[in-house]
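I kept them in the order in which I went.

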Amino acid sequence: MTDVRSQRPAESRAANPAPRRRRNSLSSRRARTALMFVAPQVIGLLVFTAGPLVASLGLSFTHWDLVAPQPTFTGLENWQHLLGDDRIPAVLWNTVRFILVGTSSFLVFSLLAALLTYTPSRLVGLYRAALFLPYVLSQIAVGVVWRWMFNSQSGPITVGVELLGIPSPDWLLDPATAMSSIAMVVTWQTVGYGMTLYISALQGVPAPLLEAATIDGANRWQRFRHVTIPIISPTIFFLSVTSLIGAFQLFDPVVAMTGASIGGSGPATAGGPSNSTRTIVLYMYNQMFNYDEPISGLGYAAAIAWMLAMLIFIVTAIQFVVGGRFVYTEAERAPRRVRRGKGTR
Amino acid sequence: MKTVRARTALYHGAMIVLTFAFVFPALLAVSMSLRTDANMFAADQLIPHPITFEHYARLFEALPDLWRYFLNTLVIAVLGTAGTLLSSSMAGFALARIRFPGRGALLIAMLLTLMVPVHATLIPQYVIFRELGWLNTPLPIVVPLLFGTPFATFFFRQYFIALPLELEDAAAIDGAGPWRTFFRIFVPLSGSAYLAIGLLTFVSLWNSYFLNTIYLARQESWVLTQALQSLIGRYQTDYGAIMAGVTLVSLPILIAYLIFQRRIVHGISMTGLAN
């Protein structure tokens with residue numbers, strides 16, 4: 001802005017007589033400039049996150065089907081209904097099943113993939129590129145292809161399993177295996193992402209530390225368990241937090257692998273077989289646009305969305321409390337790095 | 001010596017199998033899109049012979065507006081990426097380089113925002129955008145991005161914090177204020193950060209589905225992922241057309257990945273540092 005530059009000479013002129021006033025005006029000018037820089041982000045946070053979050057809570061105490069011009073206040077009705085709605089425990093259980101198979105295998109397999117590929121060489125670069133490839137593709141495209149892979153008649157997975165002489169399960173068509181199949185696909189698609197973060201963490205493990213452990217008589221497993229794991233623990237923690245947050249929001253892969261399409265309303269038909277893959281968000285989506293039931297519509301969907309937000313908050317908070325004990329922090333290195341860039345002077 | 005070589009061979013053998021498992025579905029999709037109907041389910045057709053493009057023709061018959069969906073997707077991805085880059089890099093610069101009251105609070109607020117699922121803010125936004133007549137236009141998706149995203153802001157903050165302090169000193173000697181310092185010195189120096197976060201944002205917008213399916217219900221406003229999803233029910237058995245759709249939708253991203261693979265992967269590995 002122009003005022004920043006025009007005030008510059010004043011700043012040097014005022015250098016000797018009144019140092020205190022100078023500092024005040026300088027810092028307030030700096031604050032004003034900073035405010036201009038962060039204004040879009042701050043406005044965005046207020047208008048598109050904080051405001052709607054509060055409004056959403058307000059809506060959760062109303063009934064609204066969008067046909068009526070305005071929401072009607074219904075007090076705690078939605079929340080009471082939510083506590084008694086037997087579809088809620090069902091979708092939560094589906095999410096838990098997804099986490100048990102998907103999130104845990106993601107954390108383990110991406111570490112394994114990183115261990116297999118963290119020493120750089122030309123071939124390893126190729127392996128990494130291949131493992132990472134599914135991550136850049138859309139979950140809809142990937143889901144559609146895997147839907148064919150799992151096809152019970154001639155899908156490659158089914159055929160492959162039967163070649164081994166094992167009767168193949170019905171994958172996406174059997175309520176017992178559908179969610180696990182989706183979880184496997186999500187793990188397959190995201191392993192490259194986890195691997196990438198683990199690789200940069202593994203490259204930060206100081207070689208002298210490993211050598212010292214070897215001299216002390218530690219075997220390979222002991223070195224991994226007591227040197228490598230503590231040093232990469234911030235990454236393990238970061239990936240557990242983000243992948244769990246993601247698991248609670250599962251939607252696209254379920255639509256791609258279980259939804260049909262009638263006039264483009266894919267999500268409304270997804271979640272099968274027998275609702276065994278219906279997730280929290282899928283249920284919220286359906287309630288948002290479903291006005292057949294007495295308690296449904298935007299108000300009830302807002303209550304479900306708030307329940308989701310609270311669940312994520314609680315689970316993340318628990319992780320921070322529990323993780324705080326296990327995560328190794330580089331106490332002396334971190335503050336210095338932060339201090340370096342502070343302030344423009 | 002012999003055991004070392006055997007182990008190396010075993011390692012590369014295993015890795016090639018693994019690599020194949022990760023590339024196979026993409027290969028299969030391209031392959032099936034080029035097979036004749038008679039060969040669709042044949043096991044020896046991974047490299048299709050003979051090759052046919054009839055499924056692509058059928059895809060355009062089924063979705064005559066495919067170019068329109070392509071354009072819709074492109075508009076959202078380009079505008080959303082540009083807005084995110086500008087606003088988030090500005091905020092990231094101030095958070096990294098200017099000391100101002102409320103900076104710590106803003107950082108904490110942004111951290112907390114990362115935990116808030118989009119769903120919890122979706123319904124009031126939907127109501128307002130509907131009121132404004134923005135449904136079935138790119139606006140509900142693009143406009144919030146013009147204000148930047150906390151994720152990208154964090155990324156830029158981490159990047160700018162690591163640049164040497166002398167940059168501002170040199171700029172100050174030249175009499176440049178923060179705006180000129182930012183746009184003339186920091187932005188040109190940070191091409192790799194802009195490229196990395198730009199690619200990540202673009203890819204995620206290109207691939208996104210959930211918000212689009214909420215805001216873009218009318219068919220002419222669809223994006224590619226919606227069009228692709230719509231193929232499933234109608235052409236349940238027409239795998240050729242479905243795979244042609246998968247191939248076309250993924251092709252731009254695949255090409256970008258082949259060109260910028262290092263950048264994308266590097267950008268991803270930098271996002272881990274944000275914690």
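I began with Trp171(A), which I found in the loop between helix H8 (156-163) and helix H9 (178-202) of chain A. The phi of Trp171(A) is near 45°, a positive value in a residue that is not glycine. Most residues other than glycine have a negative phi, and most peptide bonds are trans. Trp171(A) counts as buried because it has 23 C-beta neighbours inside 10 Å. My cut-offs here: buried is 20 or more other C-beta atoms within 10 Å of a residue's own, exposed is 12 or fewer, and partly exposed is in between, with C-beta atoms placed from the backbone.

I noted the ground rules before going on. This is a predicted model, in which local features need pLDDT of at least 70 and side-chain atom pairs count only at pLDDT 80 or more, while totals for chains, interfaces and linings use all residues. Residues are numbered from 1 along each chain as its sequence is written, and chains are lettered from A and ligands numbered from 1 in the order in which they are written.

**Chain A**

I counted 16 helices and 2 strands in chain A. Of its 345 residues, 37% are buried. I then asked which residues of H7(A) are buried. They are Gln139(A), Ile140(A), Ala141(A), Val142(A), Gly143(A), Val144(A), Val145(A), Trp146(A), Arg147(A) and Met149(A). That makes 10 of the 11 residues of helix H7 (residues 139-149) of chain A, so this helix is largely enclosed by the rest of the structure. Contacts came next; two residues are in contact if their C-beta atoms, placed from the backbone, lie within 7 Å. Among contacts in chain A between residues at least 6 apart in sequence, 67% join residues at least 24 apart.

**Chain B overall**

Chain B has 13 helices and 0 strands. Its radius of gyration is 24 Å, well over the 19 Å that the globule rule gives for 275 residues, so chain B is more spread out than a compact globule. I took the radius over C-alpha atoms, and the globule rule is 2.2 Å times the number of residues to the power 0.38. The C-alpha trace spans about 70 × 70 × 35 Å along its principal axes. In chain B, 45% of the 275 residues are buried.

I looked up the domains, whose bounds come from an automatic or database domain assignment. Chain B is given domain 1 (2-52) and domain 2 (63-274). Their C-alpha centres lie 33 Å apart, and 7 residues of domain 1 are in contact with 6 residues of domain 2.

**Where the chains meet**

I found 77 residues of chain B in contact with 83 residues of chain A. On the chain B side, the largest share, 12 residues, comes from helix H13 (residues 239-271). That side divides into 48 nonpolar, 25 polar and 4 charged residues. I counted Ala, Val, Leu, Ile, Met, Phe, Trp, Tyr, Cys and Pro as nonpolar, Asp, Glu, Lys and Arg as charged, and the others, Gly among them, as polar.

What does Thr113(B) touch, leaving aside its neighbours within four places in sequence? I found Leu45(A), Thr49(A) and Pro150(B). Thr113(B) sits in helix H4 (residues 103-115) of chain B and is partly exposed, with 19 other C-beta atoms within 10 Å. Its C-alpha atom is separated by 7.3 Å from that of Pro150(B), 37 residues apart along the chain.

**Two loops of chain B**

A cis peptide bond joins His49(B) and Pro50(B), with omega about -5°. Pro50(B) is in the loop between helix H1 (2-34) and helix H2 (54-62) of chain B.

Asn136(B) lies in the loop between helix H5 (119-131) and helix H6 (139-145) of chain B. Its phi is near 65°, a positive value in a residue other than glycine. I put Asn136(B) down as partly exposed, with 16 C-beta neighbours inside 10 Å.

Terms used
Helix = DSSP H or I, 4+ residues; strand = E, 2+ residues; numbered from the N terminus.
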